Amino acid sequence: MEINVTDETFEKEVIEKSKETPVVVDFWASWCGPCMMLGPTLEKVAADYEGKFVLAKAETDKNQNQAGKYGVMSIPSVKLFKNGEVVDEFVGALPEAKIKEWIDAKL
């Protein structure tokens, strides 16, 4: 499952939802080359995991409040939320196998 989140929907769609199901948030921007490479990989991994986590996409240019709140300094920045808190994160475009290792260690 993939959703687009905004500063207005972040609390409900990420924080509250992460209390039931882990949520992976991809902070990205349309001008960011590595973001464009990582996005489809994250979408494929989310499909492979069939609902074991929710993939939320937050475009940083349009949603600067949440990016600032969670200390996003470089993009792509990916954060895993569980029980309303960030439990792990990575920055940059990782290959599919590394993303799966990262998720497997946290789910």
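This is a predicted model: local features need pLDDT of at least 70, side-chain atom pairs count only at pLDDT 80 or more; totals for chains, interfaces and linings use all residues.
Biologist: Hi! Let's start with strand 4. Is strand 4 enclosed or open?

Modeller: Strand 4, residues 77-82, is largely enclosed by the rest of the structure, because five of its six residues are buried.

Biologist: Nice. Which way does strand 2 pair with strand 4, and over how many bridges?

Modeller: Strand 2 (residues 23-28) pairs with strand 4 in the antiparallel sense, over five bridges. As an example to look for, Val23 has Phe81 in strand 4 as its bridge partner.

Biologist: And how many bridges join strand 4 to strand 5?

Modeller: Six bridges, and those two strands also run antiparallel. Strand 5 covers residues 85-91. Lys82 stands opposite Glu85 in strand 5.

Biologist: What happens in the hairpin of strand 4 and strand 5?

Modeller: The hairpin has two residues between the strands, and Asn83 takes a positive phi near 50° there.

Biologist: Changing topic: the helices. At what angle do helix 2 and helix 4 pack?

Modeller: About 50°, with the axes 10 Å apart. That angle is why helix 2 counts as oblique to helix 4. The crossing of the two helices is right-handed. For the ranges, helix 2 is residues 33-48 and helix 4 is residues 96-106.

Biologist: Which residues meet there?

Modeller: From helix 2 you have Leu38, Thr41, Leu42, Lys44, Val45 and Asp48, and they meet Glu96, Ile99, Lys100 and Ile103 in helix 4. By class, that contact has five nonpolar, one polar and four charged residues.

Biologist: Where does Asn63 sit?

Modeller: Asn63 is also placed in the loop between strand 3 and helix 3. Asn63 is buried, with a relative accessible area of 6%.

Biologist: Which residues does Asn63 touch?

Modeller: Not counting residues up to four places away in sequence, Asn63 touches Val5, Thr6 and Asp7.

Biologist: Last one: how many residues apart are Asn63 and Phe10 in sequence?

Modeller: They are 53 residues apart in sequence, and 9.5 Å apart in space, C-alpha to C-alpha.

Technical notes
Residues are numbered from 1 along each chain as its sequence is written. Side-chain values use heavy atoms; hydrogens and water are left out. Axes are lines fitted to C-alpha atoms, for helices over the stretch in contact, and angles run from 0 to 180 degrees between N-to-C directions. Helices (H or I, at least four residues) and strands (E, at least two) are DSSP runs, numbered from the N terminus. Angles under 35 degrees count as roughly parallel, over 145 as roughly antiparallel, 65 to 115 as roughly perpendicular and the rest as oblique. A crossing is left-handed if the near helix is turned anticlockwise from the far one by less than a right angle, and right-handed if clockwise. Contact means heavy atoms within 4.5 Å. Ala, Val, Leu, Ile, Met, Phe, Trp, Tyr, Cys and Pro count as nonpolar, Asp, Glu, Lys and Arg as charged, and the others, Gly among them, as polar. Buried means under 20% relative accessible area, exposed over 50%, partly exposed in between (1.4 Å probe, protein chains only). Two strands pair if DSSP finds at least two bridges between them.
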